Structure formats: C-alpha cells, structure tokens
Amino acid sequence: SSTLNLGLRHKLNQDITLNSGKIVLFDDLSLKDGIRFLGTGTVDLDRKSLKIGASNTAWTNPVLTFNNAQDIQLNGRTALTGTWSFQTTIDTESIINGNGNVLDLSGGGVIQVGSGHTLYISDVHIKGVGGANGFDLFDHATTPGVVVLSKVTIELASNYVHDSGKIQIAGDLVTVISGGAY
C-alpha cells in the first residue's frame, strides 16, 4: 500500500480515494464542504486537526482508521454508513468535537474503538444508535476500548446492547432519547 504525506495550507477541495493506503498529516487539514476520504485506509492525524466541512457530508468508507486523532472537528451534519475505527499507535486517546452538529449512524454507521484506546466525543447529537449501529468497543485484552461522552445526545433507533468495553459520562449533559419503546 502507498503512503501520502499531506501538508496543505488551504482547504482540500477534492475527495481522496485511499485504496487501502495511508495519509499522514504534516499540518492541520480542513476539508471543503462535501469533501471526504473514500475507500478503506488509514488517516494518521499525527496530532494535527482534521476539520470536516460545513455541509451535509456522507462518509461511506467500509473502514476508515484514524491514528493519533487528537482533534476531529465536525462542522456540519455528518452521515456515517461505514466504520470509523480509532486505534492506538502513539497516542491512546482520540477526540471528536461535534460543534453542536449531528453525527448520523442510522445508515449502518459504527464507531470502533480499539483495545487500550479512549475516544472522547463532545458537543454532538448522535443519531441512529441501535442494532448493529453505534459503538464497537474492543475488549480483547485486559484494557478495553473506552468512549467518554460529554455534552452528547444519543438518539436510539432500536435496542442497543452494550456488552464490551466501557462507555463513560463526563459531566451531566448526556441524554439518551428514543422514538419508541426501547
């Protein structure tokens, strides 16, 4: 597979197909509205920021792995129909800041957190959690995957069974709502 070292001073204005390759950020990266990474592959933020555009964006990657993802900013409604996987390489923590936007998992989206890794999610409305959609927290070793929620609303689409890893609440502004009797 190939690796692209990316350091742009302006917003990325076209999609990048990963084709099982890897992108390593040399600078913070802002994506223009609607722009995304396509296909399976890895984005190593190398402790830089990834700012997703302000328009509705559909991420359809089968599996997109984020390494060293200490600052992912959602600046608009984001629909995830594949898997965003957060794994431990150098850093054992990743951060998604929703900036008050919606992260829609109802089309089959999964947020996967590797063993020994912690994902902090804040200021977002997560829609469509239930069934196979939601959080996949590995618990293969002595250190499970952990999701820490702060200022988050989770909208259940159906039953959601949590049976591995940990989901923690930071603060008192986490709400779970449902449209039916779940």
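**Reading charges, fold and ring pairs**

In this predicted model, the mean positions of the 12 positive and 16 negative charges of the protein lie 7 Å apart.

User: How many helices and strands does the protein have?

Analyst: The protein contains 0 helices and 19 strands. Its radius of gyration is 16 Å, close to the 16 Å that the globule rule gives for 182 residues, so the protein is as compact as a globular protein of that length. The C-alpha trace spans about 45 × 40 × 30 Å along the principal axes, and 46% of the 182 residues count as buried.

User: How many aromatic pairs does a search of the whole structure find?

Analyst: Two rings pair if their centres lie within 6.5 Å, and the angle between the planes then sets the label: under 30 degrees is stacked, over 60 is edge-to-face. The search finds 4 such pairs. In one of them, phenylalanine 66 and tryptophan 84 are 5.5 Å apart, centre to centre, with 90 degrees between the planes, an edge-to-face arrangement. Phenylalanine 66 belongs to strand E9 (residues 63-67) and tryptophan 84 to strand E12 (residues 83-87), so this pair links parts of the chain 18 residues apart.

User: Are phenylalanine 66 and phenylalanine 86 buried or exposed, and why is their pair called stacked?

Analyst: Both residues are buried. Their ring centres are 5.3 Å apart and their planes meet at 20 degrees, so the pair is stacked. Phenylalanine 66 lies in strand E9 and phenylalanine 86 in strand E12, so the pair ties together parts 20 residues apart in sequence.

User: Which residues do ring pairs link into a cluster?

Analyst: The cluster consists of Phe37, Trp59, Phe66, Trp84 and Phe86.

Technical notes
Residues are numbered from 1 along each chain as its sequence is written. This is a predicted model: local features need pLDDT of at least 70, side-chain atom pairs count only at pLDDT 80 or more; totals for chains, interfaces and linings use all residues. Side-chain values use heavy atoms; hydrogens and water are left out. Rings of Phe, Tyr and Trp (its six-membered ring) pair if their centres lie within 6.5 Å; planes under 30 degrees apart count as stacked, over 60 as edge-to-face and the rest as tilted. Helices (H or I, at least four residues) and strands (E, at least two) are DSSP runs, numbered from the N terminus. Buried means under 20% relative accessible area, exposed over 50%, partly exposed in between (1.4 Å probe, protein chains only). The radius of gyration is taken over C-alpha atoms; the globule rule is 2.2 Å times the number of residues to the power 0.38. Lys and Arg count as positive and Asp and Glu as negative; His and the chain ends are not counted. The place of a charge is taken as NZ of Lys, CZ of Arg, CG of Asp or CD of Glu.
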